[in-house]
Amino acid sequence: MKRSTINEIMAAADEMIRHYGFVLPPFAYWTPDEFKARGETARRLIDARMGWDITDYGQADFEKLGLFLFTLRNGELADLQRGGGMCYAEKLLISRQDQISPCHTHVIKAEDIINRGGATMAIELYGSDADGNFDETAGGRVMCDGIARDFKPGEVLLFQPGESVTLMPGDWHAFWGEGGDVLIGEVSTVNDDLTDNIFRAPIGRFAKIEEDVDPTHLLVSDYDIWLK
């Protein structure tokens, strides 16, 4: 992805987020130089990989296969492992009309996926085999706003603004905006995008960046390079 495109996506996302009554935290608006100047005071943000995240899953076709995310807060795996402390994370996502976030599951993370505003949120679901692997013949059960709902393999569930679904490890899912763009909230256990995204197809999690202009703000995938 070109950096200029990423900058444009950031600006449009910020406008949409504000339209639906949300405001990103102050660190969202730091320039790269401001981030560098914060030094160790920003270490928690860097280590927790909080901030902007825009991906085409390495497939160079963001409009068809992509996702915007902003990690607002993220706990620590050590707390989750010991069973106390900051064991949760929160994100805002934007799924554009017919823009697929490809089929995947998580080993650790359970998550509530919430339609925060816009069009319909569509989620395609499959179950797992006994080892947690993708099973095109397996259905399952999810909780939709606290109400149990069974799904058939490959069934697409539709969620209007205010509605949500709880996905557990082993619930294989793909999602997109149906009929328009959707602002999505995610509330989950500790988030680890480096190791806890298991995709059905052999694709990457992050985009390869072509630096045609300077970044307006850094992506979480920039931290290891720009903030050494």
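Residues are termed buried when their relative accessible area is under 20%, exposed when it is over 50%, and partly exposed in between (1.4 Å probe, protein chains only). Helices (H or I, at least four residues) and strands (E, at least two) are DSSP runs numbered from the N terminus. The structure is a predicted model, in which local features need pLDDT of at least 70 and side-chain atom pairs count only at pLDDT 80 or more, whereas totals for chains, interfaces and linings use all residues. Residues are numbered from 1 along each chain as its sequence is written, and side-chain values use heavy atoms, with hydrogens and water left out.

The buried residues of H1 are Arg-3, Ser-4, Ile-6, Asn-7, Ile-9, Met-10, Ala-13, Asp-14, Met-16 and Ile-17. Their cover includes strands E1 (51–55), E2 (67–74), E3 (88–95) and E11 (172–189), together with helix H5 (223–226). Just after H1, Gly-21 adopts a positive phi of about 90 degrees.

Aromatic rings of Phe, Tyr and Trp (its six-membered ring) were paired if their centres lie within 6.5 Å, with planes under 30 degrees apart counted as stacked, over 60 as edge-to-face and the rest as tilted. Trp-52 and Phe-70 form an edge-to-face pair, at 5.1 Å centre to centre and 90 degrees between the planes. The pair joins distant parts of the chain, Trp-52 in strand E1 and Phe-70 in strand E2 being 18 residues apart. Both Trp-52 and Phe-70 are buried. The pair of Phe-134 and Trp-172 is also edge-to-face, because the ring centres are 5.7 Å apart and the planes stand at 85 degrees. Here Phe-134 in strand E6 (residues 134–135) is linked to Trp-172 in strand E11, 38 residues apart. Trp-172 counts as buried, at 4% relative accessibility. One aromatic cluster is formed by Phe-27, Trp-30, Phe-35, Trp-52, Phe-68, Phe-70 and Tyr-223.

Gly-118 is located in strand E5 (residues 111–128) and is partly exposed, with a relative accessible area of 31%. With residues up to four places away in sequence not counted, Gly-118 touches Tyr-20, Pro-161 and Asp-181, contact meaning heavy atoms within 4.5 Å. Gly-118 and Met-143 are 25 residues apart in sequence, and their C-alpha atoms are 22 Å apart in space.
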